[in-house]
Each structure stands twice: as C-alpha cells, then as structure tokens.
Amino acid sequence: MEELLFINACVRGDRSRSLKLARRFLEGWQKAHGDGVITEVDLCKDRLVPQYPEVLAERDALWSAGKLDDPMFAPARQFAAADKIVMAAPFWELSFPAILKIYLERITVTNITFGYDADGKSVGLCKAKKLLLVTTRGGDFSKPETAWMEMGARQLEALCAMYGIPQFQCLAAEGLDDVTRDKEAILAEATGRADALAEVF
Ligand SMILES: Cc1cc2nc3c(=O)[nH]c(=O)nc-3n(C[C@H](O)[C@H](O)[C@H](O)COP(=O)(O)O)c2cc1C
C-alpha cells in the first residue's frame, strides 16, 4: 500500500486553480492506485508558526537533546516517511506562498529528512522516490527569456536532491492572467496532462 502525502498550500482554497488541478490529479491517481492512501496536510489549517527566535531556540534544544520524536518534528517525520509527495501551490512572487516556505523550514531537519555521512557529505534521508509540484501561474515562465525568473519549482527540485528524492516533476498551467490568452484552453490542456501523469506517478 502506497502512501501519498499531499501538501496543500493553496491559499485561495476552493477557488484556487492550482488546487482544482491538484484535486483532478489526485482523483486520477486514486483511481489508478486502488489501494493507495492519500494523506492531506492543509497548510492554511495547520498554520505552522515561522521559526521566530523562540521557536528556533526550542527546536535547537530538542534537537541537541536527541528528541527527534518530539511533536515539533512530526511534520518532518511524516515527510520523510511518505512514499510519494504532491505539493499544490500557486505561483507567488516568482515562487510560492510563504506558508510553503515555513513548512519547508520545518521539515528540513538534520537526521530526519537529510543528514551527513562520515565524510561530511550531505545525504538525503527521505523515502519518497517522487515529488510533484502542481502550480498555476499568472505569467508564462516556460519560455527561455522568463524561465530563469522561476524560483519555486527550481527551489523544490534542488531540495529534492538534498532530501534524497530522485525524481522531481512540475505540472504547471502558465499564463492564466494574460488577457490575450484563452484561460479555459490552458486549463483544459493542463488537466489532460494531470490525467496522464496520474496514471504513471
Ligand atoms: C499574492 C500573489 C502573488 C502573485 N505573484 C505572481 C508572480 O510573481 N508571477 C506571476 O506570473 N503571477 C503571480 N500571481 C498570479 C498567480 O500566479 C495566478 O493567478 C495563479 O493562477 C493563482 O493560483 P490560484 O488560483 O491557485 O490561487 C500572484 C498572485 C497573487 C495573489
């Protein structure tokens, strides 16, 4: 039985185009993986506190005491144990909303999601073989002249390398706020890609 961890960072909730695309993907994935289990983490509900000084001090103290089983590290343990991971987030400020960054800070814990070998080399400790980012963007960042400005998928891809997750994929619908483009057509095309990917993810 495969466990898919779904990290929902779609701040617009049910009105979010990114969430609609992600839910479509997850429906397809569930159909294709009958006994698979999807666990959703809704970052708008969980509202993890940013790592302000006192939060970081608590984290450092727990970590130094070897208390990696403390509830504070529960998100990191859950992330490290998942078989597959899907994140849904809108494209904000060329990356993703702060709630996802806070989550990433919370799960990036030495000796849970990554560590160091005897030679001091960074090694990933996550079980997942695949991580998918589902996103929608106001502009089109698939073109050579704009792709370099995209910082969300690229950050997650780099983090996957650090976490030991070998495959990063991004399902993006681009140019949705461009008045010259056909939004419905863009979303229909992305939905088709979501359906196809759900079969094989
Ligand atoms: C706070 C905020 C920041 C945004 N920043 C960008 C941006 O940097 N580049 C861009 O192309 N679109 C940007 N957008 C537009 C969104 O990426 C786009 O509307 C997206 O489809 C919203 O996804 P959602 O429906 O899942 O919320 C931004 C929208 C908001 C609300």
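**Legends to close-up views**

**View 1. R181 is partly exposed, at a relative accessible area of 32%.** By relative accessible area, buried means under 20%, exposed over 50% and partly exposed in between, with a 1.4 Å probe and protein chains only. The model is predicted: local features need pLDDT of at least 70 and side-chain atom pairs count only at pLDDT 80 or more, while totals for chains, interfaces and linings use all residues. Residues are numbered from 1 along each chain as its sequence is written, and side-chain values use heavy atoms, with hydrogens and water left out. The side chain of R181 forms a salt bridge with that of D140 (2.9 Å, N to O). D140 sits in the loop between β6 and α6 (144–147) and R181 in the loop between β7 and α8, so the bridge ties together parts 41 residues apart in sequence. D140 is buried, with a relative accessible area of 15%. A salt bridge is a side-chain nitrogen of Lys or Arg within 4 Å of a carboxyl oxygen of Asp or Glu. Helices (H or I, at least four residues) and strands (E, at least two) are DSSP runs, numbered from the N terminus.

**View 2. R17 and D177 are joined by a side-chain salt bridge (2.8 Å, N to O).** R17 belongs to helix α1 (residues 17–32) and D177 to the loop between β7 (167–173) and α8, so this pair ties together parts that are 160 residues apart in sequence. R17 is partly exposed, at 27% relative accessible area.

**View 3. K127 and D83 meet through their side chains in a salt bridge (3.0 Å, N to O).** The pair links distant parts of the chain, 44 residues apart: K127 is in the loop between β5 (122–124) and β6 (130–136), and D83 is in the loop between α4 (74–81) and β3 (84–88). K127 is partly exposed, with a relative accessible area of 47%, whereas D83 counts as buried at 17%. Elsewhere, R137, E150 and E174 are linked in a network of salt bridges. The whole structure holds 11 salt bridges.

**View 4. The largest pocket has a volume of about 200 Å³.** Of its 13 lining residues, R12, R17, P90, W92 and T136 are the closest to the centre. The lining divides into 4 nonpolar, 4 polar and 5 charged residues. Here Ala, Val, Leu, Ile, Met, Phe, Trp, Tyr, Cys and Pro count as nonpolar, Asp, Glu, Lys and Arg as charged, and the others, Gly among them, as polar. On a 1 Å grid over the protein atoms alone, a pocket is an open set of points where a 1.4 Å probe fits, with protein on both sides within 12 Å along at least five of seven lines; lining residues have an atom within 4 Å of a point. Grid points are joined across faces, edges and corners, and the volume is the space filled by probe spheres set on the points.

**View 5. L197 lies in helix α8 (residues 183–200).** L197 is buried, at 14% relative accessible area. Apart from neighbours within four places in sequence, L197 is in contact (heavy atoms within 4.5 Å) with F25, L132 and Q169. The C-alpha atoms of L197 and L171, 26 residues apart along the chain, are 8.8 Å from each other.

**View 6. H33 is placed in the loop between α1 and β2 (37–42).** H33 is buried, with a relative accessible area of 15%. With neighbours within four places in sequence left aside, H33 is in contact with E2, K84, A198, E199 and F201.
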